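Here are some exercises to work through with the model open beside you. Try each task on your own before reading its solution.

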Amino acid sequence: MIKKISKLTMIMLLLGTLLVGSVVACQSQAPQEDGEYGDWSVDWNGMRPGVKPPEVSEPQPPDDDTPDGEEGGSTVVPPSQLTPATKPATYTAMIKSATNSLNVRSAPSTSGQVLGTLDKGDMVRYEGKQNGWYKTVYKEKTAYIYAGNNYASVVYMKQGSEKIEKVIAVGEELLGYPYVWGSQRYHWGNGTLNANFIPGQFDCSALMQYIFYKGAGVLMDLNTRSQVLQGKEVPLEDLQRGDVMFFTNDSRYNNTGVERVGHVALYLGDNYILHTASDHAVIEEISAKRWSYYIVAKRFI
C-alpha cells in the first residue's frame, strides 16, 4: 500500500538530497556602482555577493635601480597604460650662455668667423658637440659655441605640441638676425606674399608673423596693434609654451587701448621668450622691466 507523503515531507527530502550531493549557484543583489557586474552577481560557493574576483596585475615598468638585462629588468608596458598622464614628457636641448659677449662662430675653432654674440642667459638650439664646441644654428647657418664650463652649458626645456615646436624651430633658425624697425612683412596678413620682403630683416611683429606662417600656416596681421586683436586671450596663470605675449614700451606706455601695445614675443616657458627688440633676434629671459610692460597673452595654436 502506498502511503501519501505530505508536502512538508517532500520538501524536506528534496532539501536533504541537494545539501548532500550538490553545490548551488545562487544570485544575490550586488552594489549599484560603475564597474560592478550589473543588478545581480553570481555567488559561487559562498563568495560574497557583489565582490569582483581579484584582477590580474598588468606588467609594470622596471624599478630605476634594476639594470637592463638583469632578471626582472626590461618590461613592456601595455599601450592601455600609456595614458597622457603617464607618457614621458619630451624636451628640447638648448645651449645657455654663462657669460656676456659669448662668441658664436662659423667653425669649431677660435679661428672661425664670429657670426654674433650671446649675453649671459641667452639660449640657442643644441645640435650636438664637436671637438669641445657646441653645435647650433645661427642666422640660418651651422654655428659653434665654445663648450667650456665658464662659457656655456646644455639645459632642457619641456616641449609643447608638434605645431608649436615647428613654429619655435623656425624662430630658432633666425636667431642673430638684426632688428630692423618697420621691416617688410612676409605676407599682407591674408597669406598673399609680399614681393618686397627682405629675408633676414625683422622687427618684432614681422618676426612673429613669419614664424607662425612658416611653422604652422597661421595668419597673423601686420603689426602689434592688429595682432593683439587676434587669437584667444590666455590668463597669465595659464600661460603656455607657444603663447604670444604683448607688451607696451617706453614710447607707448601712457597710451590707451591698442595704441598702448608696442612689442610682441613668443613665450617658451621657464620665463623665456623668443623675440627681436632693438638689437637682434634672441631667446632670453623676461626682465623685470619687461614684465612691468606686460599687457596680455594670446593663443594662436
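A nonpolar core is a set of buried Ala, Val, Leu, Ile, Met, Phe, Trp, Tyr and Cys residues joined through side-chain atoms within 4.5 Å; buried means under 20% relative accessible area, exposed over 50%, and partly exposed in between, with a 1.4 Å probe and protein chains only. The model is predicted, so local features need pLDDT of at least 70, side-chain atom pairs count only at pLDDT 80 or more, and totals for chains, interfaces and linings use all residues. Residues are numbered from 1 along each chain as its sequence is written, and side-chain values use heavy atoms, with hydrogens and water left out.

**Exercise 1. Find the residues that touch the most other members of the largest nonpolar core.**

Step 1. The largest nonpolar core holds 47 residues, and Ile211, Phe212 and Leu266 touch the most other members.
Step 2. Helix α3 supplies the largest share of this core, seven residues. Helices (H or I, at least four residues) and strands (E, at least two) are DSSP runs, numbered from the N terminus.
Step 3. Apart from this core lies another, of 11 residues, including Val234, Ala265, Tyr267 and Tyr294.
Step 4. Now select Leu266: beyond its neighbours within four places in sequence, its contacts (heavy atoms within 4.5 Å) include Ile211, Phe212, Val244 and Leu274.

**Exercise 2. Work out which residue classes line the largest pocket.**

Step 1. A pocket is an open set of points on a 1 Å grid over the protein atoms alone, where a 1.4 Å probe fits, with protein on both sides within 12 Å along at least five of seven lines; lining residues have an atom within 4 Å of a point.
Step 2. Of the 24 lining residues, those closest to the centre are Tyr179, Cys204, Asn249, Gly262 and His263.
Step 3. Elements giving two or more residues to this lining are α3 (204–216), α4 (224–227) and α5 (288–292).
Step 4. The lining has five nonpolar, 12 polar and seven charged residues. Here Ala, Val, Leu, Ile, Met, Phe, Trp, Tyr, Cys and Pro count as nonpolar, Asp, Glu, Lys and Arg as charged, and the others, Gly among them, as polar.
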